Amino acid sequence: MTNRGVLLKLLMDKLGVDPQLGTFRNRLVLQKSVYLLQALGMPTAFGYNWYLRGPYSPALTAAAFEEVVKPLEQGDDTPSGYTLSRETEDRLDKLQGMKDQADKAGLAPEKWLELLASIHFYKHKMYFPPEKQVDKNNAEALYGHMPPAKRHAFTAKQAEQAAAALNAADAW
Amino acid sequence: MGASSRKHIADPIHGAIDVRDHEFDVIDTPTFQRLRRIKQLAMASQVYPGADHSRFVHSLGVFALTGRMVARLRELHPDTVGERDEKILRLAALLHDVGHYPYSHLLEKLKLPAKQDTEIAQTIEPKENGRKAEPTPTQYPKHDEVGAGVVLERADIMGALRSNKVEPQEIAKILTYRHGEKPWYNQVISRDLDTDRLDYLLRDAHFTGVPYGGIDIEYILRNVELDDEDNVCITPKAILSAEHFLLGRWFNYGAVVYQKTVMGMEALLRALLQRMASSGLLPDCPKRIWEIVEDPQGFLEFDDHYVDAEIRKLAYGEGPPKGPPFDDEALTKLFAVAVMHRVKPRCVFEAIQEPAGHNKSYALERFDTEAAKKIASWASQRDVQGDLWFTGDSKERSLEEVRPYESFTDEVDDESGGDAQKRRKGVSKLIRVADGNGKSSFLADRQTSLVHPLSKAKFRVARIYVLLPEEVLQTLNPPDKRRWRTKYKRRAEEIRSHIARDLGL
C-alpha cells in the first residue's frame, strides 16, 4: 500500500468510515473530511470541484479505491505498521471540534460536514464574475449565492454557524 | 432555434461545421485558442508525418458530431431533449478537451518527483517492525478534472458561457462525466461509442493515413436512440457499424497508439519530461497545475510550443553531452538531442498478448516478473548505461472498457439511492442497443454480435527499448549514414538476442 493509502485508511478509521466505502454516507464523510483537513493544512493536494453536494474530488475517490479498497481486498495490512503523525492528529482534533457543533446547528453529522465544506469552498474557491462580487467574509452573502438546492437544504443561520465553526478552527 | 446567425468552419473530416454566434464566443477565447498549440497525437507524427493535427480541430470535430447526434435525439424525443439540452451539450463538446496538457496524455501520466510523497509521509509515522508503505505514485490531475477547473476558474471561458446564460458548473459536470440530473449528457461525450471516440478514430485515420477509420458515421448518427431510462443507445440496424467502429479502434491501438516506433519515441520523451519536471522546467507537483490554471497568462503559455522550446534549448545549449558515463545533466541533453533529431530508441524486447488467450503470454509473464529486475544487469553486461533503457507497456485494453469506481460520485449516488447495480448501469460505458420497446441491452451481451465473443479479448503489448548514446552523438557530427545505421542495428540485435536468451524465450 502507498503512503497515501495508509494515510487514507488511518483517517477512515478515525472518522468512522467503513474502508470498503460501500455506502454514500461513508464516501460523503470521507470527501468532506479530507477537504476540510486540507483546508487545515494537510498536504494531500486532492483537487476539488463543485458538485451537487458541494466540493468533491474524483481524484480522492480514485485514490481511495485504488490505494485502499483494492489493497485491503488483497490482504494488505501495511496500515497496521503506522500511526497518524502528531500534526495529523491535531488537524483531526480541530475537525472534531467543528463536527461537535452539528447538534447545535440541528443537522445530522454528514449534512453539517457538507455545509462546512461548501461554505468554505464558496469563500476560497468559487469564482464570482465582476457583476456578482460578494463580500467573501460574509457567510450570509455567500449563502445567498449558493444554488437553490443548497439553500433549500440549509438555512442562512446554519451557514453563519458553519462559518463561525471554521473561524474557531482557524480555517475560515 | 434562436435567432442567432450561423457561420461555418471548414473541416476535412466533417465538411462545413455550423457554428452559432454564442459558440464563437467560446471558440474565440484565448483559453480555447490554446488548443491549437497542443497536438492530438503527441509523438505519432514521428512515424506518420501527417499526424500533426491539434486538440483544437479535434474539439471542433467532437462539437460537430455532438450537434448532429443531439439534433437527431431531439427529433426523436422532443419531450426529453430540448433546445437547452442541445445548447449545453454542444458547448460541453467544444470544451471537452480544454484542460489538456502539452503533449496530451504523455504529460498527464508522467510520474512526478516524490516531493508530494515526502509531505504525505509526514502525516503518518511508522511503528517499529511494521510493513513499510510504498511511495505514492504522484501524477498531475487528469485532464478532464483540469478541464472542469478551467471552466470554473478562467474568466474568459466563464464569461463566454455566462453571457450566454449557461452556468459553467453544468459544463464542468459533463466534462467530468458526472451530470447527475441528466446522466445521458455524460453518455453522449463519454462512452464506448461517443462523439469523442468517433471523431478521433476518423480524424486520426485521416491524418496518419492508416486505413482503419472508414466507419459508417452517417449510419451510426442516424440510428442513435434513447431508451426509457434515457440511456443513449443505437438501434439494432446500426450494430454492424458499431462493431466496425470497435474493431477500427482495436486496430488503431496496434497501428498508431502503440506502434513500435511511436511507443519508443514516447518512452524517450516521457523520460525527458520527467527530468524536466525534476529540474523545475515543468510543474513538479499537482498543486502547481491548479496554480497554472488560475494564472491568466501562465495557462496560455503551457502548451506544446513551451515544451518544444525548452527541449530545443536543452539540446543545443553549451556543447555536446559529455560521457559515457553520462551524468544527470548530460543525460537530459542526450535525450533532448535524440528527440530533436528523431533518434529512435531501439526495441530490444517485445511481448504481445494473444488476444483470445485467457492467461498472459509467456513473454508477457517474463516481462512482468523479470524485466524490471534484470535491466540493471543487462545494462552492465551490454555496456549501455541503465538510464538509457526504457520500458513501454500499453497495459491491458479490451474492445469495450469499464472502470467501475468512476460511478462513485455524489450525483450518481444520489440518483441511484445507493443501489450499486443501478449506479454501475448508469455510468457504464458499454454500448447499448435499443430493443424497440423502450428497453435496451448491452451489445456485448448479444450472442449474435461479433462483440460478444470478442468482449473478453485483450490487447496488450510491452516492450523494452535502448537508446544507444553513440547513435545520438553521431547526429551532431554525422559520418556516413548508411554505415552507422547498420552498425547500431546490429548492436541492438545483439542486445535483443542476449535478453531473449536470458529470459528463456
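This is a predicted model: local features need pLDDT of at least 70, side-chain atom pairs count only at pLDDT 80 or more; totals for chains, interfaces and linings use all residues.
Leaving aside neighbours within four places in sequence, Leu468(B) is in contact with Arg346(B), Val384(B), Tyr488(B) and Arg491(B). Now select Arg491(B) together with Leu468(B): the two are 23 residues apart in sequence, and their C-alpha atoms are 8.7 Å apart in space.

**Where the chains meet**

Show both chains. Their contact takes 38 residues from chain A and 45 residues from chain B. On the side of chain A that touches chain B, the elements giving two or more residues are helix H1 (3–15), H2, strand E1 (49–51), helix H3 (58–73), strand E3 (82–84) and helix H4 (86–99) of chain A. By residue type, this side of chain A divides into 20 nonpolar, 13 polar and five charged residues.

Zoom in on strand E3 of chain A and on strand E3 (residues 124–126) of chain B. These strands run antiparallel and are joined by three bridges. Select Leu84(A) here; its bridge partner in E3(B) is Ile124(B).

**The two domains of chain A**

Domain 1 of chain A brings 15 residues to the contact, and domain 2 of chain A brings twelve residues. On the side of domain 1 that touches domain 2, helix H2 (24–39) and strand E2 (54–56) of chain A each supply at least two residues. H2(A) gives the most to this side, with eight residues. The residues on this side of domain 1 comprise ten nonpolar, two polar and three charged.

**A pair of helices**

Finally, select helix H6 (residues 109–124) and helix H9 (residues 156–168) of chain A. They pack at an angle of about 80 degrees, and their axes are 9 Å apart. H6(A) is therefore roughly perpendicular to H9(A). Show the side chains where they meet: H6(A) contributes Leu115(A), Leu116(A), Ile119(A) and His120(A), while H9(A) contributes Gln158(A), Ala159(A), Ala162(A), Ala163(A), Ala165(A) and Leu166(A). The residues of this contact divide into eight nonpolar, two polar and no charged.

Terms used:
Residues are numbered from 1 along each chain as its sequence is written. Chains are lettered from A and ligands numbered from 1 in the order in which they are written. Axes are lines fitted to C-alpha atoms, for helices over the stretch in contact, and angles run from 0 to 180 degrees between N-to-C directions. Helices (H or I, at least four residues) and strands (E, at least two) are DSSP runs, numbered from the N terminus. Angles under 35 degrees count as roughly parallel, over 145 as roughly antiparallel, 65 to 115 as roughly perpendicular and the rest as oblique. Two residues are in contact if their C-beta atoms, placed from the backbone, lie within 7 Å. Ala, Val, Leu, Ile, Met, Phe, Trp, Tyr, Cys and Pro count as nonpolar, Asp, Glu, Lys and Arg as charged, and the others, Gly among them, as polar. Two strands pair if DSSP finds at least two bridges between them.
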